[in-house]
Amino acid sequence: RAFPERQPRSNRTGMFGSEGNVSTVLKHGDTLYFSGRWPLPNNVNAFVWSYHPERGWEDIAWKGRGNAGAGVQSPPDGIKLHDGKLYAFGAIESHHGLGVYDLASKTWSQFEGTTADGKPVVGNGAPSGGTIDDVAFAKNGDIYLFGSHKVPNPDISAPDMAGRVIRVDAQRVYHPMGWAFGPLNPSKPTVHWECLLLDETRTPLELYVAGTWGYSGPVPYQRGRLSYNIARWNHETKDWDPLGKGNFGYVSKLDLEKYFPQGAPGLPGMPYRGSFVTQSSFHWVRCMAMGADGNLYVGGNIALLAEDDRVAERRESFGIARWNRATDLWEPVPNFRGFSGDVKQMTFLDERRLLVSGNFDYDERWRVLNNVAILDVTTGEVSPLGGGLIRSMADTNGAISSEVVHCVDGDDYYFAGLFDYAGVRGNDLLEGPVESHRVAHWNA
């Protein structure tokens, strides 16, 4: 099913229309694949779609009036490609959080398996509701699902408090992992599952999960089990451990003295404290990338904070932080204190250069970046990409961020998000010469 032709009176390039969002862009062969929500004419919304240089735009999952539609029937949080199939995940009730699209047969299917005792499971195992917020694939055939599910863990004393990660083995048997994560404040139960990362360069493999939460481990939650927003799987205890230490800023001094004399674990800092940072009280880890140096880099609406009265001496960072494997400490990237907003996605281009995109206008030295940049994790040097990506002045809503995502294909970097122009004159923020609505291409 082909998209309707772009309106002939429109002078826009890229994706026509002014609404919607893009949660993922990835490339396979000559085709770019996108997920999110793209409003089309005649009350049709595309949720997964593609672009090919010869075939143009094509929808893969869409919903129209009544029962008209195909594939997943709500906007995915993302898509990933594995073994010739697209995995679309999110709060997708039509497919219980996870739909599978076969690129060869061009057909959609449910993700089906069984529990350890043989009961059938579809997607997240919930009869309704629930989510799958991220998916990862191991070389041995295991698939890891991260989200809100209803599959009990028979290996813990309260099976319904199963951890948010499920390992699905090659026979499609579901194995929930450890205990669930809990909110920092039970009276305001804010929890969110955002991303997971596998590191198979180590034996046994390392598994990291991140998002927004306060505690890990058995209930009732104890202060000593604080696990601010990020954790790592412990193969010996078969549960989740807090990751790192070293945070002293804006953490209870009583907790520090009693439980964390070397600093609190994870990333508890409040990101709105920085003078150059976009104001926000919601902190979460949105992405992770493992460096060649063995250190874990994380991005999001996060902060490392210190209360040192000597501002120049503060060990602070906003939007991005690094877990140092050798010292087990959270620290800023050397010679860099962060971005003005949150980092949504990170990809290493080589051992030193980290491509970042998201919702930031500049870095801590007030250098204009406009949502994309390359960061040298060794020197802290930041390189803008041609002035970045910016929304039209007529299309700007301060309450909605650009949410720029990307994919890398050799020297070609592809970007998608809420923007209209690529290449911006940084001194005056005028709209750049390249009109590129919602999607752009950078050739390195």
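Biologist: Does Thr131 count as buried or exposed, and why?

Modeller: Please keep in mind that this is a predicted model, and let us begin with the place of the residue in the chain. Thr131 is found in the loop that runs between strand β11, residues 120-122, and strand β12, residues 134-137. Thr131 counts as buried because its relative accessibility is 17%, and the cut-off for buried is under 20%.

The surroundings of the residue can be described next. Leaving aside residues up to four places away in sequence, Thr131 touches Gly90, Ala91, Asn124, Gly147 and Ser148. There is also a polar contact, at 2.7 Å, which joins the side chain of Thr131 to the side chain of Asp133.

Strand β1, residues 21-28, pairs with strand β2, residues 31-40, in the antiparallel sense, and seven bridges link them. Within this pairing, Asn21 has Arg37 of β2 as its bridge partner, while Gly29, in the hairpin with two residues between the strands, takes a positive phi near 65°.

Another part is an open sheet of four strands, arranged in the order β22-β23-β24-β25 with antiparallel pairing. Its edge strands, β22 (284-290) and β25 (329-331), each pair on one side only, and neighbouring strands of the sheet are turned against each other by 30° on average, direction ignored. Strand β24, residues 317-324, pairs with β25 over three bridges in the antiparallel sense, and Trp323 stands opposite Trp330 in β25.

Terms used. Residues numbered from 1 in each chain as written. Predicted model: local features only at pLDDT ≥ 70, side-chain atom pairs only at ≥ 80, totals over all residues. Heavy atoms only, no water. Pairing = 2+ DSSP bridges. Buried < 20%, exposed > 50% of the residue type's maximum accessible area, 1.4 Å probe, protein only. Polar contact = N/O pair within 3.5 Å; in protein donor to acceptor, adjacent residues only side chain to side chain. Contact = heavy atoms within 4.5 Å. Axes fitted to C-alpha atoms, helices over the stretch in contact; angles between N-to-C directions.
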